[in-house]
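The tour works through what surrounds it.

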Amino acid sequence: MRIEENRSLKLFNTFGIDCNARYFISVNSKEELRNVLASERKNDLFVLGGGSNILLSRDINALVLHVDMKGIQVLSQNNEEVIVEAQAGENWHEFVHFCLAHDFGGIENLSLIPGNVGTAPIQNIGAYGVELKDVFESCTAIEIDTLEEVHFRKEDCRFGYRDSIFKQQAKNKFIITAVQFRLTSKNHKLHTSYGDIQRVLDEKGIVNPSINDVSQAVIAIRSSKLPDPKLLGNSGSFFKNPIISDLEFKKFRIQFPEAPYYEVSPTAFKIPAGWLIEKAGFKGKRFGDAGVHAKQALVLVNYGNASGKEIWDLALRIQKKVRNLFGITIEPEVNVY
Ligand code: EPU
């Protein structure tokens, strides 16, 4: 465990933004984590997980703590279900692989999501009809102030759409060290009705899909729409899909009857931000090295050397135009620093 000074964070954020950490340390165990938290620097801490849900718009004049604990283990198993624990620093997609290889079902729809296991609960990652909360059993965290280990059960986490207690009341108070998942070991419940999954399975002539088939379908769909961060810097959906009231929706629908929407409840409607951004004329547009992905307008991309500020300026420009055109405010999904 060694503190480095003035380290570039380019390789530690999927946007590929080249900004500096004044100090940087990587921790591989709870003991190392506790040691850092016990040091006098703990008041000046910036916690970094997989770096896949953050836009760094400036240098970080603090100690950047890279949570890098590894390990996956089966905690218990019966005929139907299995509880699997993964340490926070495990790469999410590698964890999905592990589960597929052991025929543990439940997270196949979450294939290929960038980021780490430890940050997945913070924003309750979700895709193709499944959210992390559907398979979440509990997580273990260290409280920054007390160094105590705290166990959060599912009901403690107050999961919502791209939301949890770790983005609200518990924000910056805990460091998640491991997550426990409840998965199926038999009779997997497949979710194939969302989006194009069923179409891809039909095209391949797969009638009784396995969890691996579903994963392959999700990978094919994602790869066709979402850029690979290793090739083109990005952070997945930059904005959340806005949820508007039934009254707002009525007005919106009269003006834009062609817009797609999902009914969240009789009084709340979700409008795809990608549609709003495309309609506002930004899809595929490039401003210097900052741009809007050509195949999915929700995704902002770094063509190489964009600064975080350039990406953020573009986001604000998009937000303003969408508000002016539709009267709807779209909020960032990524954390902006
Ligand atoms: N749409 C457009 N133009 C676009 C993009 C989308 O018109 O450029 C329309 C589509 O035609 C479709 C609707 O918007 O009618 C929804 O599009 P899509 O199914 O691609 O999903 P999304 O709502 O844009 C959400 C998640 C994604 C997740 C997909 C699939 C959010 C903010 N995003 O996107 O999550 O992969 O559903 O489940 O909820 C992420 O969070 O990083 C992410 C990629």
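Start with the domains. Domain 2 (72–225) and domain 3 (233–336) each give at least three residues to the shell around the ligand; the domain bounds come from an automatic or database assignment. This is a predicted model, where local features need pLDDT of at least 70, side-chain atom pairs count only at pLDDT 80 or more, and totals for chains, interfaces and linings use all residues. Residues are numbered from 1 along each chain as its sequence is written, and side-chain values use heavy atoms, without hydrogens or water.

Next, colour by secondary structure (DSSP runs: helices are H or I, at least four residues; strands are E, at least two; numbering starts at the N terminus). Select β8 (126–127), α4 (211–225), β13 (233–237) and α6 (273–279): each supplies at least two shell residues. Which element gives the most to the shell? That is α6, with 3 residues.

Now show the 25 residues around the ligand; Tyr128, Tyr161, Ser237, Glu278 and Ala297 come nearest. Near means a heavy atom within 4 Å. Colour the shell by type: 12 nonpolar, 6 polar and 7 charged. Here Ala, Val, Leu, Ile, Met, Phe, Trp, Tyr, Cys and Pro count as nonpolar, Asp, Glu, Lys and Arg as charged, and the others, including Gly, as polar.

- Tyr128, a polar backbone atom, at 2.7 Å
- Glu333, a side-chain N or O atom, at 2.9 Å
- Lys225, a side-chain N or O atom, at 3.3 Å

Finish with the ligand surface. On its own, the ligand has 810 Å² of accessible area, and the protein covers 81% of that (Shrake-Rupley method, 1.4 Å probe).

Key:
Polar contact = N/O pair within 3.5 Å; in protein donor to acceptor, adjacent residues only side chain to side chain.
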